[in-house]
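Okay, thanks everyone. I'd like to walk you through one structure today, so let me put it up on the screen.

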Amino acid sequence: MAENSMVLNVKNLNILVMMLCLCCCKTKDLVVNNSADIRPWCPENGTCTFKILTDKRMERHYDEHNALYVSLVDGDQWVFEIEYKKEVPPNALDAELREQIFLEINPRQLNTRGDQGIKAKLVFARWCYCKGEAGYFMPNQKDIDLIKVNDTVYELRLDFSVLNIPQAISKIVQRFEIP
């Protein structure tokens, strides 16, 4: 009998800890619907997601092989996580392709245009079975505009390129709402 109540107490403690973690978490993940009308920049042969992580920031790191990687930590910035996944036939081997864009913007810099006015961190990630063309990359050219359309609607305009790396996504125009 004492053994059963010990198991219940541990289960209750685990539930309590999970609830506390969820209550303390202040990051809002905003996901824009995956619709061709809303996301015309997404290639037809795949699906795209567009997330805005508020109260986060992006840290860029290098491993022992000098390879770049990204981690997201708590902060006071907006981090846009944009992802494209190519649709592949179920029987295709080594045909997967996924691209990610991580963009960190200070929300206090709204209505600024171009690389001179907006300070932003941008990292492009490409995941595929393609030697030398997979991993995290720093764009060599970028043009970023974040425009406040009205009290709650914003528009992100992003145009970037990575030298010698193929890209399915390089230009994004996306409206989104922050309540």
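Let's start with Phe 50, which is buried, with a relative accessible area of 0%. What we have here is a predicted model, by the way. Phe 80 is also buried, at 0% relative accessible area. The ring centres of Phe 50 and Phe 80 lie 5.8 Å apart with the planes at 55°, so we call that pair tilted. Phe 50 comes from strand β2 and Phe 80 from strand β3, and 30 residues of sequence separate them.

Now stay in that area and look at Trp 78 and Tyr 154. They make an aromatic pair too, an edge-to-face one, with 5.4 Å from centre to centre and 85° between the planes. Trp 78 sits in strand β3 and Tyr 154 in strand β9, so this pair ties together parts that are 76 residues apart in sequence. Are these two buried or exposed? Both Trp 78 and Tyr 154 are buried.

Nonpolar side chains tend to be buried together in soluble globular proteins. The largest core here has 32 residues, and the ones that touch the most other members are Phe 80, Ile 101, Leu 103, Ile 105, Leu 146, Leu 156 and Phe 176. Which elements give two or more residues to this core? Those are β2 (46-62), β3 (68-86), β4 (97-105), β6 (120-128), β8 (141-148), β9 (153-161) and β10 (171-177). Then there's a second, separate core of six residues, and Met 58, Val 70, Phe 102 and Ala 125 are among them.

Leaving out residues up to four places away in sequence, Ile 101 touches Phe 80, Glu 81, Ile 82, Leu 122, Val 123, Phe 124, Leu 158, Phe 160, Ile 169 and Ile 172.

Glu 81 is in strand β3. Glu 81 is buried yet has no salt bridge. How far away is the nearest side chain of opposite charge? That side chain is Lys 51, and it is 4.9 Å away.

The salt bridge count comes to nine. One of them is Asp 74 with Lys 56, at 3.1 Å from N to O. Asp 74 is in strand β3 and Lys 56 in strand β2, 18 residues apart. Asp 74 counts as exposed at 57% relative accessibility, whereas Lys 56 counts as buried at 17%.

Arg 57 has a salt bridge with Glu 59, with the closest N and O atoms 3.0 Å apart. Arg 57 is partly exposed at 32%, and Glu 59 is partly exposed as well, at 23%.

Then there's Glu 83 with Arg 98, where the closest N and O atoms are 3.2 Å apart. Glu 83 is in strand β3 and Arg 98 in strand β4, so this pair ties together parts that are 15 residues apart in sequence. Glu 83 counts as buried at 14%, while Arg 98 is partly exposed at 28%. Lys 85 comes in here too: salt bridges with shared partners join Glu 83, Lys 85 and Arg 98 into one network.

Last thing, confidence. The mean pLDDT is 79, and 74% of the residues reach 70 or more. Which stretches fall below 50? Residues 4-28 do, and beyond near neighbours in sequence that stretch has nine contacts in the model. Residues 32-37 are also below 50, with 11 contacts counted that way. Where pLDDT is low, the predicted coordinates should not be read in detail. That's it from me, happy to take questions.

Definitions and conventions: Residues are numbered from 1 along each chain as its sequence is written. This is a predicted model: local features need pLDDT of at least 70, side-chain atom pairs count only at pLDDT 80 or more; totals for chains, interfaces and linings use all residues. Side-chain values use heavy atoms; hydrogens and water are left out. A nonpolar core is a set of buried Ala, Val, Leu, Ile, Met, Phe, Trp, Tyr and Cys residues joined through side-chain atoms within 4.5 Å. Buried means under 20% relative accessible area, exposed over 50%, partly exposed in between (1.4 Å probe, protein chains only). Helices (H or I, at least four residues) and strands (E, at least two) are DSSP runs, numbered from the N terminus. Contact means heavy atoms within 4.5 Å. A salt bridge is a side-chain nitrogen of Lys or Arg within 4 Å of a carboxyl oxygen of Asp or Glu. Rings of Phe, Tyr and Trp (its six-membered ring) pair if their centres lie within 6.5 Å; planes under 30 degrees apart count as stacked, over 60 as edge-to-face and the rest as tilted. Lys and Arg count as positive and Asp and Glu as negative; His and the chain ends are not counted. pLDDT is the predictor's confidence in each residue, from 0 to 100.
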